[in-house]
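Hi everyone, thanks for coming. I'd like to walk you through one model today, so please have a look at it with me.

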Amino acid sequence: EGSFETELDDPRVHDAQFCPLIPWKKTPFSNIHYRDVWPGTGPCLRDGQRVQLRWNIAKEFASLTHLNPDGPAGSMPWKGEWRGRGGSAKWPDDDVFEYVFGLDPLIMPGIEEVLSTMRVGGRSHCIIPPNLGLCIEQGVRYEKPLPPDPSERDRLLAWLSADFMDESKWVQLRDLSWEIDLISADGITEEDA
């Protein structure tokens with residue numbers, strides 16, 4: 001993983017925009033639709049590993065595949081929308097989300113299932129349905145990898161709007177598109193493998 005001023009400086013992003021259409025795959029348990037934008041060459045994940053990832057979320061899948069900072073509001077992924085400069089899972093100043101794979105009860109089941117198909121160093125796009133997505137209601141809490149900062153969570157909720165989230169309960173109402181970069185597992189990166 002190199003250090004790039006913006007996501008668009010990463011040559012893998014440029015190459016991915018011009019490669020043939022990547023076929024959809026489905027996860028083995030819940031049939032979540034996902035695509036490997038680029039496969040990682042590092043190890044697969046095992047329960048109990050401390051993993052690091054970056055993520056982004058979009059209302060429509062096409063928003064993840066066409067980075068257009070000049071598009072209308074809501075047409076970019078969330079991080080690009082509120083940062084005002086296009087969107088992607090990987091920016092130099094982006095926080096890395098870290099958790100223990102397979103053992104964190106607060107992680108969204110859909111995110112964990114897609115991660116189980118990935119290798120370290122890979123990027124996937126996926127469509128997470130409501131039953132495997134964000135939910136903070138009636139004793140059920142699937143809130144990770146949401147931002148831990150309450151003001152960022154409020155911005156995300158406002159960006160998603162009532163069409164995608166029940167604002168009073170933090171319950172996902174429609175499919176949401178996610179971009180996930182799997183950075184490391186137990187400190188092992190793609191370069192170490």
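One definition before we start: strands here are DSSP runs of E, at least two residues long, numbered from the N terminus. And please keep in mind that this is a predicted model.

Let's begin with backbone angles. Most residues other than glycine have a negative phi. With that in mind, look at Asn31, where phi is near 55°, a positive value in a residue that is not glycine. You'll find Asn31 in the loop between β1 (25–26) and β2 (33–38). Its relative accessible area is 45%, so Asn31 is partly exposed.

Asp186 sits in the loop between β10 (176–185) and β11 (188–189). With a relative accessible area of 43%, Asp186 is partly exposed.

Which residues touch the most other members of the largest nonpolar core? They are Tyr99, Val114, Leu115, Cys126, Ile128, Trp178 and Ile180, out of 35 residues in that core. As for where the core comes from, at least two residues each are supplied by β3 (50–58), β4 (97–100), α4 (109–115), β5 (123–128), α5 (150–164) and β10.

Cys126 brings me to the cysteines. Is Cys126 buried or exposed? Its relative accessibility is 0%, so Cys126 counts as buried. Cys44, by contrast, has 38% relative accessibility and therefore counts as partly exposed. And how many disulfides are there? With sulfur atoms required to be within 2.5 Å, the count is zero.

Thanks, and I'm happy to take your questions!

Technical notes. Residues are numbered from 1 along each chain as its sequence is written. This is a predicted model: local features need pLDDT of at least 70, side-chain atom pairs count only at pLDDT 80 or more; totals for chains, interfaces and linings use all residues. Side-chain values use heavy atoms; hydrogens and water are left out. Helices (H or I, at least four residues) and strands (E, at least two) are DSSP runs, numbered from the N terminus. Buried means under 20% relative accessible area, exposed over 50%, partly exposed in between (1.4 Å probe, protein chains only). A nonpolar core is a set of buried Ala, Val, Leu, Ile, Met, Phe, Trp, Tyr and Cys residues joined through side-chain atoms within 4.5 Å.
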